[in-house]
Amino acid sequence: MSGLYHEGNRSLQDRFDTRRLADRIDERILHDSFDEDDRAFIEARDMFFLATADEHGMPQCSYKGGEPGFVRVLDEHTLAFPSYDGNGMYLSLGNVLVNPQVGILFIDFAQPKRLRVNGIASIDEGDPLLDAYADAQLIVRVRASEVLPNCPRYVHRLEHVERSRFIPHDDRETPIPDWKRREWARDVLAAADPANAGAPPAE
């Protein structure tokens, strides 16, 4: 049995007579390293979806956004991305600490295309890439085990309007989200949260 497929996959492949097709995809399209096309596609993206699970298998799926290039392909097996300030729950990164298996989905909505990356994530608080990203709290590195371009036929073609003004940049102060100013949150923010220092609110 292929390492990609388990009994559940196989039972549905057999039911719908797609085992031969699935095996061909595994043989011809699936790979475990990044080629130059993969690198170019990933580093041109300004967002992706990250799937993680805790030690019991309870899943989380989160959206990650930044400027194009915020995900870097460091070598043929490794990519990295920053973790910026969020809501303080650390649902995804907390999962990585107890279960490092992750799935990442990159999508181009303008010229429909998508790419799946499955692998093993790690977090090093002293990662040298921290200095390369404004306001990054942590860097997540993922060693790829499966890289799989997917058929884009159901990807909706969407128009890009603008990127979030909350993405950190070296040349300007990052706005404070309005919810951090609200009564329910302001007295429980982390001591070092910029909202406590009178940083400008978002407009």
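The side chains of Asp46 and Arg163 meet in a salt bridge, with 2.8 Å from N to O, a salt bridge being a side-chain nitrogen of Lys or Arg within 4 Å of a carboxyl oxygen of Asp or Glu. Asp46 lies in the loop between helix 3 (36–43) and strand 1, and Arg163 in the loop between strand 7 and helix 5 (183–186), so the pair ties together parts that are 117 residues apart in sequence. Helices (H or I, at least four residues) and strands (E, at least two) are DSSP runs, numbered from the N terminus. Asp46 is buried, at 17% relative accessible area, whereas Arg163 is partly exposed, at 36%; buried means under 20% relative accessible area, exposed over 50%, and partly exposed in between, with a 1.4 Å probe and protein chains only.

The model is a predicted one, in which local features need pLDDT of at least 70 and side-chain atom pairs count only at pLDDT 80 or more, while totals for chains, interfaces and linings use all residues. Residues are numbered from 1 along each chain as its sequence is written, and side-chain values use heavy atoms, with hydrogens and water left out.

Across the whole structure, 13 salt bridges are found. One of them joins the side chains of Arg10 and Asp23, at 2.8 Å from N to O, and this pair links distant parts of the chain, since Arg10 belongs to helix 1 and Asp23 to helix 2, 13 residues apart. Arg10 is buried, with a relative accessible area of 6%, while Asp23 is partly exposed, with 29%. A further salt bridge forms between Asp17 and Arg20, whose closest N and O atoms are 3.0 Å apart; Asp17 and Arg20 are both exposed. Thr18 is found in the loop between helix 1 (7–15) and helix 2 (19–28), and Thr18 is partly exposed, with a relative accessible area of 29%.

The strands form an open sheet of 7 strands in the order 2-1-5-6-7-4-3, with antiparallel pairing, where two strands pair if DSSP finds at least two bridges between them. Strand 2 (59–65) and strand 3 (72–75) stand at the edges, each with a single partner strand, so one side of each is left without a neighbour in the sheet. From one strand to the next, the twist averages 35°. Strand 5 (residues 101–108) and strand 6 (residues 113–123) run antiparallel and are joined by 8 bridges; within this pairing, Leu105 has Arg116 of strand 6 as its bridge partner. Helix 4 (residues 91–98) lies across strand 1 (47–53), strand 2, strand 4 (78–83), strand 5, strand 6 and strand 7 (138–150), and runs at about 45° to strand 1. Contact here means heavy atoms within 4.5 Å, and axes are lines fitted to C-alpha atoms, for helices over the stretch in contact, with angles from 0 to 180 degrees between N-to-C directions.

With a disulfide defined as a pair of cysteine sulfur atoms within 2.5 Å, the count comes to 0 disulfides. The sulfur of Cys61 is 20 Å from the closest cysteine sulfur, in Cys151, which is too far for a bond. Cys61 is exposed, with a relative accessible area of 59%, whereas Cys151 counts as partly exposed, at 42% relative accessibility.
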